[in-house]
Amino acid sequence: MYTRRLAPHFLSFPHTTMQNFDYQNPTRILFGQGSIAKLAKAVPANARVLLLYGGGSVLKNGTLDEVKAALATAGIGHVSEFSGIEPNPTFETLMRAVQQVKAEQIDFLLAVGGGSVIDGTKFVAAAAALPEGEDPWNILLTGGRVVKSALPFGSVLTLPATGSEMNNGGVITKAATHDKLPFSSRCTYPQFSVLDPTKTFTLPKRQVANGVVDAFVHITEQYLTYPANARVQDRFAEGLLRTLVEIGQDAVNKPEDYDTRANLMWTATLALNGLIGAGVPQDWATHMIGHELTALHGIDHARTLAVVLPAVMQVRREEKRAKLLQYAERVWDIRDGSEDARIEQAIERTRAFFESLEVPTRLSAYQLDATAIDPLVAQLEKHGMVKLGEKQDINLETSRHILQAAL
């Protein structure tokens, strides 16, 4: 006979309840091998298209040629290109793209690349549609609130990681001032995204490992908070986390394993398309602190998350106790021992998982010591990141403790 085990948090937090939410995701997903050919029908036939991409990988592996061939099949007459979008897309580079959009009267954007390229394309789409005289930097200063319209755009995903292909947010860096700021708007969802797992086969191991970590932390930001009686969201999040744990090693070490890459690509998309975050509290402190590590020290975004998340778990273990115990049991199958022992083991298992992908989890791995902490805390203060976390109670001193725990 099957006996359902009542999760501890439903007993400990009877007063919590799922939050109200308004969820809509308009992005169409074209998934699977050969899906780039579907661009012929997805892009408007009379569009003036700008292809945006990063470095040379989409040229070397033939993805860009495949995209252009699909557009040619559709008879699209104007297709131009903008290259050089950085792994942490900069305001300065993207403003050059905005100038090209206006000069060529572009009316449809197509991002070909990973999350950084798609983030950058969202910004270009919004900045190009701003009223005359509006400073595009205000998009970032207001978190996207000034965005009232945007050019239509789609994406061809080549790196599963950020979920940017099916959400409305992005993060942009101003190189001149080391400001790395997020934005979002209802106007900046991709109209469609093409997800062909074969386009990930030639990625370097480092980028694939980063993608696994990025998706994992996106999920925990929406899950490791406090109970909200959102059983569907919890089970969905736990299933995604377990999937990443199951496929992580193969994703990195078996580059042409289609099924593994397909599962990674779809998991990373579902991790941040708004579904598991609907109706539940969200944290995002790991990301906000991680952004400053990238801005000041150039550490890969996902690698900053791998450093900060275990430290957040450790410093916030009392505030997150109920969900950490649930995470220990449902994701890592940890059921024995005292509550504190189970929490400690779950944190160590998380750290070990990242390390197994050759993603370090300590600041010391990047030659950073205690002297790095004051400038990072100063950046958080500069950017108004003084009330972080699901309860907005992570102040600068708590952030300092988190960074100390990450040494």
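This is a predicted model: local features need pLDDT of at least 70, side-chain atom pairs count only at pLDDT 80 or more; totals for chains, interfaces and linings use all residues.

Let me start with aspartate 179, which is buried, its relative accessible area being 9%, where buried means under 20% relative accessible area, exposed over 50%, and partly exposed in between, with a 1.4 Å probe and protein chains only. Residues are numbered from 1 along each chain as its sequence is written, and side-chain values use heavy atoms, with hydrogens and water left out.

What does aspartate 179 pair with? It forms a salt bridge with lysine 382, with 3.0 Å between the closest N and O atoms, a salt bridge being a side-chain nitrogen of Lys or Arg within 4 Å of a carboxyl oxygen of Asp or Glu. Aspartate 179 belongs to strand E7 (residues 179-184) and lysine 382 to helix H15 (residues 373-382), so the pair ties together parts that are 203 residues apart in sequence; helices (H or I, at least four residues) and strands (E, at least two) are DSSP runs, numbered from the N terminus. Lysine 382, for its part, is partly exposed at 48% relative accessible area.

The structure holds 23 salt bridges, and another of them joins lysine 199 to glutamate 66, with the closest N and O atoms 2.5 Å apart. Because lysine 199 sits in the loop between strand E8 (192-195) and helix H8 (205-223) and glutamate 66 in helix H4 (residues 63-73), this pair ties together parts 133 residues apart in sequence. Here lysine 199 is buried at 13%, whereas glutamate 66 is partly exposed at 29%.

A further salt bridge connects glutamate 390 with lysine 320 at 3.1 Å, N to O, and both of these residues are buried. Salt bridges with shared partners also join Arg242, Glu329, Asp333 and Arg335 into one network.

Turning to helix packing, the axes of H12 (residues 301-315) and H14 (residues 339-356) come within 10 Å and cross at roughly 180°, the axes being lines fitted to C-alpha atoms over the stretch in contact, with angles from 0 to 180 degrees between N-to-C directions. That makes H12 roughly antiparallel to H14, since angles over 145 degrees count as roughly antiparallel, under 35 as roughly parallel, 65 to 115 as roughly perpendicular and the rest as oblique.
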